[in-house]
Amino acid sequence: MNIPWRQMEPREQVRFVVIGGWRASIPPLTVALAVLLQSFFPLVTTLPLLPELGLPLLVAWRVYQPSLLPVWVALPLGIFADIVLAQPIGIATVSWPLVLIAVDLARQRLPWVSVAGDWGLSALGILLAMLIDWRMTLFITGNGSLVAVLPRTALEILCVPLAARVAAAVEWRLFLIR
Amino acid sequence: MPLSNRRNHLLGHSRRAQMGVFLGFVTAVAAVAIGLLLALASRSNTQFAAPIRVVLTEITAPVGSALRWPIERVADGVSLVSDYFGAVDRARSLEAVAAQGRRDSISLRLLEIENRRLKALMDLKSPAQHVVAYAAIVGSSPAAFTRTAVIAAGTNDGIEIGQPARNVDGLVGRVIEVGPRYARVLLLTDAQSRVPVTLARNGAPAIAAGDSQGHLEIRTIEADRNPFRPGDLLVTSGVGGTFAPDIPVAVVTAVSSEGATARPIARPERLRSVLIQTPYMPLADIPLPPPASEERR
């Protein structure tokens with residue numbers, strides 16, 4: 001598995017790209033799937049009460065298993081989320097990569113691992129995403145209220161342990177069981 | 001407490017590992033930069049991703065509409081049961097309302113006849129407005145700052161971008177994206193929505209802007225005074241040509257220093273279907289929602 005690229009047989013190189021690429025694409029795909037799942041919600045609501053499902057999963061992946069989700073992946077995922085959730089492009093597109101960078105920086109300052117600490121770190125990321133989403137909405141549409149999204153953000157923070165469970169289950173199946 | 005298994009702890013002097021961290025940093029910054037550029041593009045045209053979204057909606061909307069069916073049946077069952085509680089009292093109060101309504105409708109019809117005669121005298125012509133489709137709502141946007149609804153009608157049914165959507169109560173919004181079988185309606189409460197309205201009481205012009213939390217911000221165009229009072233009815237003014245005049249839009253709930261807050265009359269969460277009409281004056285129709293705000297100028 002860990003043979004350097006230049007020492008591989010061509011057959012091994014193909015296998016590495018196909019199978020390795022397939023494995024590496026699964027964590028981002030889970031986030032995309034969560035976004036898509038949310039778009040199936042069939043009712044029209046006045047207030048944005050429904051939590052975003054993709055963001056907690058994205059933050060959970062980055063907090064609990066940073067090596068499986070590079071920061072740049074948040075850009076295509078954010079574009080996908082903006083398109084699927086019918087937002088103007090540039091809301092999740094900007095906030096998701098920024099949040100992952102912020103989570104990384106915070107992790108460098110506070111490298112200790114604990115369940116509550118990681119949850120707190122994820123919560124900070126989600127709060128930051130809320131603020132950036134709000135600023136970007138103001139920038140793009142010239143309107144937008146922060147008060148309305150507070151309950152939804154609280155729900156997203158409560159979703160983090162569940163999202164971490166999902167991420168852990170996916171990782172377990174992908175990399176530990178053949 | 002254990003330390004995180006961050007790669008940076010184990011780097012040491014390995015050139016390759018340091019290069020990897022550096023590349024990660026560069027790609028992350030590049031991702032943010034590209035995101036900001038896209039946001040800038042989106043600011044000048046909020047609908048620039050619409051073609052992709054239309055394709056996705058065509059694929060996902062059938063799932064949403066299938067999920068909606070059992071939910072609606074359950075809601076029907078609940079309302080069937082709750083109808084029996086306090087039915088007699090409700091019936092009596094409704095009879096009183098109906099009697100008042102009959103009296104009102106007679107005077108209304110007389111006024112209508114008079115109005116038609118006066119218009120004929122003045123040789124006023126109103127543009128004819130046609131119903132394009134009566135479409136079921138099959139989905140919504142679960143996003144934080146946007147309020148849209150997906151309807152089960154598209155170009156196959158004659159829907160076009162810019163057509164107004166209403167129901168029997170009042171204005172709902174306007175069509176912003178169309179695919180072959182589904183279209184997306186920008187609801188009044190969306191942050192991008194701007195509707196020219198007038199105060200029904202005295203005809204004062206104003207703009208109703210969505211605040212994405214279920215209310216409308218009403219900004220008056222007259223700078224010197226605030227004409228609004230709680231309870232005032234706002235109707236479309238017909239300015240701009242998309243919406244016909246005198247469709248009920250909202251009721252003022254609170255008055256603030258620079259305008260008012262209003263509650264839309266057609267409640268999107270109770271809607272199951274909307275009526276799509278042709279634009280009031282098709283020549284004046286502008287296909288896109290106004291690109292962002294008034295304050296920016």
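Select chain B and chain A together: about 4900 Å² is buried between them, and carbon and sulfur atoms give 67% of that area. Buried area is the accessible area (1.4 Å probe) that two parts lose on being put together, summed over both. The model is predicted, so local features need pLDDT of at least 70 and side-chain atom pairs count only at pLDDT 80 or more, while totals for chains, interfaces and linings use all residues. Residues are numbered from 1 along each chain as its sequence is written, and side-chain values use heavy atoms, without hydrogens and water.

Next, display the residues in contact (heavy atoms within 4.5 Å). Chain B contributes 64 residues and chain A contributes 53 residues. Across this interface, the rule finds zero salt bridges, a salt bridge being a side-chain nitrogen of Lys or Arg within 4 Å of a carboxyl oxygen of Asp or Glu.

Which element gives the most to the side of chain B that touches chain A? Select α1(B), which supplies 12 residues. Helices (H or I, at least four residues) are DSSP runs, numbered from the N terminus, as are strands (E, at least two).

Select A:R62 and A:D104, whose closest N and O atoms are 2.5 Å apart in a salt bridge. A:R62 lies in helix α2 (residues 54-64) of chain A and A:D104 in helix α4 (residues 92-109) of chain A, so the pair links parts of the chain 42 residues apart.

Finally, select A:W134 and A:R135. The charged end of A:R135 sits over the ring of A:W134, 5.3 Å from its centre; the rule requires CZ of Arg, or NZ of Lys, within 6 Å of the ring centre and within 35 degrees of the ring normal.

Key
Chains are lettered from A and ligands numbered from 1 in the order in which they are written.
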